[in-house]
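Please look through the sequence and the model below before reading on.

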Amino acid sequence: MNQDKLNKSGVLVVDDELLIRDLLFDFLTSEGYNVHLAENGKKAVAMLDSIEFEVALVDLKMPEIDGVEFTGILQQRLPSIPVIIMTAYPSMNSAIESIRNGVFDYLIKPFKIAELSEAVGKAISEYRARTESGYVPKKANAVSGNE
């Protein structure tokens, strides 16, 4: 992906840890992305109508609205936005629940910066493919009746 395209790509980072938000902001900004920060899921939900972004990086464990719940809200409102869940507490249950809520990728902290960069690039490509084709992904939990 060329630098011109990156400059137009927005990334929403939702994490309750200031250090993580700052590190992600610094790295993603240096890569040419337009980065929006939210310190929790509740604040991120409030931002959804006022910012433009193509991918969301979301911490799994946060107070009030956790990453899985935020993903469900985001997918209902903006279903073509890919979500990358980040967690220092991986589990089979959280991975399955994330997939059911339409998560694009699941990164385990601490992750390598190259892994993050690749995941964000793939997610933005996925977003563009979805929007260009008019495709809206269906959530697995819609089939299971958990909506």
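Two strands are said to pair if DSSP finds at least two bridges between them. The model discussed here is predicted. In it, five strands form an open sheet in which the pairing is parallel, and the order across the sheet is β2-β1-β3-β4-β5. The edges are taken by β2 (34-38) and β5 (105-108); each has a single partner strand, so one side of each is left without a neighbour in the sheet. On average, and with direction ignored, neighbouring strands of this sheet are turned by 20° against each other.

Read from the N terminus, the elements follow the pattern α-β-α-β-α-β-α-β-α-β-α-α. Of the contacts in the chain with a separation of 6 or more, 65% are between residues 24 or more positions apart. The chain has 147 residues, and buried residues make up 48% of them. Its accessible surface comes to about 7900 Å², with 52% of that belonging to carbon and sulfur atoms.

The next part to look at is strand β3. How many of the residues of β3 are buried? Five of its five residues are, and the strand is mostly covered. Val55, Leu57 and Asp59 point one way from β3, while Ala56 and Val58 point the other way. On one side of the pairing, β3 runs parallel to β1 and is joined to it by four bridges; Leu12 has Ala56 in β3 as its bridge partner. β3 also pairs with β4 in the parallel sense, again over four bridges. Here the bridge partner of Asp59 is Met86 in β4.

Asp59 deserves a separate look. This residue lies in strand β3. Why does Asp59 count as buried? The cut-off for buried is under 20% relative accessible area, and Asp59 counts as buried because its relative accessibility is 4%. Leaving aside neighbours within four places in sequence, the residues in contact with Asp59 are Val14, Asp15, Asp16, Gly67, Met86, Thr87 and Lys109.

Together, β3, α4 and β4 make a right-handed β-α-β unit. At the start of α4, a side-chain oxygen of Asp66 comes to within 3.2 Å of the backbone nitrogen of Val68.

From β4 the description moves on to β5. Strand β4 covers residues 83-87 and pairs with β5 in the parallel sense over four bridges. Within this pairing, Ile84 stands opposite Asp105 in β5. Helix α6 (residues 113-133) packs on the sheet and touches β1 (10-14), β3 (55-59), β4 and β5. The direction of α6 makes about 135° with that of β3.

Conventions
Residues are numbered from 1 along each chain as its sequence is written. This is a predicted model: local features need pLDDT of at least 70, side-chain atom pairs count only at pLDDT 80 or more; totals for chains, interfaces and linings use all residues. Side-chain values use heavy atoms; hydrogens and water are left out. Helices (H or I, at least four residues) and strands (E, at least two) are DSSP runs, numbered from the N terminus. Buried means under 20% relative accessible area, exposed over 50%, partly exposed in between (1.4 Å probe, protein chains only). Contact means heavy atoms within 4.5 Å. Accessible areas come from the Shrake-Rupley method with a 1.4 Å probe; for residues, only the protein chains shown count as cover. Axes are lines fitted to C-alpha atoms, for helices over the stretch in contact, and angles run from 0 to 180 degrees between N-to-C directions. A polar contact is a pair of N or O atoms within 3.5 Å; within protein, one must be able to donate a hydrogen and the other to accept it, and residues adjacent in sequence count only if both atoms are side-chain atoms. A crossover is right-handed if, with the strands pointing away from the viewer, the path from the first strand over the helix to the second runs clockwise.
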